[in-house]
Amino acid sequence: MKQLMLEMAEANQYINRLWLQVLNKIPMEDLDRPQGAFFDSIFGTLNHILLTDSIWVGRITGQLFPFRKLSERICETQEEFSRERTRLDDVLLTMVSQEENFSREIAYRTSGGQEYRQPMFQVLSHLFTHQHHHRGQVAQMCSEQNIEVPAGGMLAYYRAIERDRKSVV
């Protein structure tokens, strides 16, 4: 279980860093252009991912992250977003690498006030697949603007790791 969760955290960090390298070169007006997506734009969707990751990390650690709605922007600039995305990916990777019990229950309340208890591995699986889901939406919006982003799936990550391993040998 730990190996899988660690791979998901590492892949998450790796994919986000690759995407930031591309998206940081795109003018903010293009990233924030309304495209009819649920969170409006590329930047709006990226902010949503960052917000929900922050909420889940807060629930896991017991240091709740305050928010009003899931479309709330917690970053206004690309620089601020890159800093926060990188920092949070580091936090997630550290959290996963230090976790000893992925079956321990995480008690939390949803934004609607419902109380739940879920094993840590389910919470982390949700967090990482939520990112994949919304990165797919971002990839579609990027495609509509002729912005090419790197492959963002687990297999692309595994292939890159294998390629890097072979280049060292």
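A search of the whole structure finds 12 salt bridges. A salt bridge here is a side-chain nitrogen of Lys or Arg within 4 Å of a carboxyl oxygen of Asp or Glu. Before the details, some ground rules. This is a predicted model, where local features need pLDDT of at least 70, side-chain atom pairs count only at pLDDT 80 or more, and totals for chains, interfaces and linings use all residues. Residues are numbered from 1 along each chain as its sequence is written, and side-chain values use heavy atoms, with hydrogens and water left out.

Now the overall layout. The protein chain has 6 helices and 2 strands. Those are DSSP runs: H or I with at least four residues for helices, E with at least two for strands, numbered from the N terminus. In sequence order the pattern reads α-α-α-α-β-β-α-α.

On to dimensions. The C-alpha trace spans about 50 × 45 × 25 Å along its principal axes. The radius of gyration of the protein chain is 16 Å; a compact globule of 169 residues would have one near 15 Å, so the two agree. That radius is taken over C-alpha atoms, and the globule rule is 2.2 Å times the number of residues to the power 0.38.

What share of the 169 residues is buried? Buried residues make up 42%. The cut-offs: buried is under 20% relative accessible area, exposed is over 50%, and partly exposed lies in between, with a 1.4 Å probe and protein chains only. Next, contacts, meaning heavy atoms within 4.5 Å. Take the contacts in the protein chain with a separation of 6 or more: residues 24 or more positions apart account for 70% of them.

Back to the charged pairs. Side chains of opposite charge can pair when their charged atoms come close. Start in helix α4, residues 78-98. Arg 85 and Asp 89 both lie there, 4 residues apart, about one turn of the helix. Their side chains meet in a salt bridge at 2.7 Å, N to O. Are these two residues buried or exposed? Both Asp 89 and Arg 85 are buried. The pair also belongs to a network of salt bridges that links Asp 53, Arg 85 and Asp 89.

Gln 13 reaches this spot from helix α1. Leaving out residues up to four places away in sequence, Gln 13 touches Asp 89, Asp 90 and Leu 93. Gln 13 has 12% relative accessibility, so it counts as buried.

Glu 105 lies in strand β1 (residues 105-109) and Arg 117 in strand β2 (residues 115-119), so the bridge ties together parts 12 residues apart in sequence. Glu 105 is partly exposed, at 46% relative accessibility. Arg 117 is exposed, with a relative accessible area of 53%.

Arg 33 is partly exposed, at 37% relative accessibility.

Now helix packing. Two packed helices are described by the angle between their axes and the distance between the axes. Helix α1 (residues 2-23) packs against helix α6 (residues 154-168) at an angle of about 85 degrees, with the axes 10 Å apart. That makes α1 roughly perpendicular to α6. Axes are lines fitted to C-alpha atoms, for helices over the stretch in contact, and angles run from 0 to 180 degrees between N-to-C directions. Under 35 degrees counts as roughly parallel, over 145 as roughly antiparallel, 65 to 115 as roughly perpendicular, and the rest as oblique.

Which residues meet? From α1, they are Glu 7, Met 8, Glu 10, Ala 11 and Tyr 14. From α6, they are Met 154, Tyr 157, Tyr 158, Ala 160 and Arg 163. The residues of this contact divide into 7 nonpolar, no polar and 3 charged. For those classes, Ala, Val, Leu, Ile, Met, Phe, Trp, Tyr, Cys and Pro are nonpolar, Asp, Glu, Lys and Arg are charged, and the others, Gly among them, are polar.

Last item: backbone angles in two loops. Asp 40 is not a glycine, yet has a positive phi of about 80 degrees. Asp 40 sits in the loop between α2 (28-31) and α3 (42-61). With a relative accessible area of 35%, Asp 40 is partly exposed. Asn 146, also a residue other than glycine, has a positive phi near 60 degrees. The loop between α5 and α6 holds Asn 146. At 74% relative accessibility, Asn 146 is exposed.
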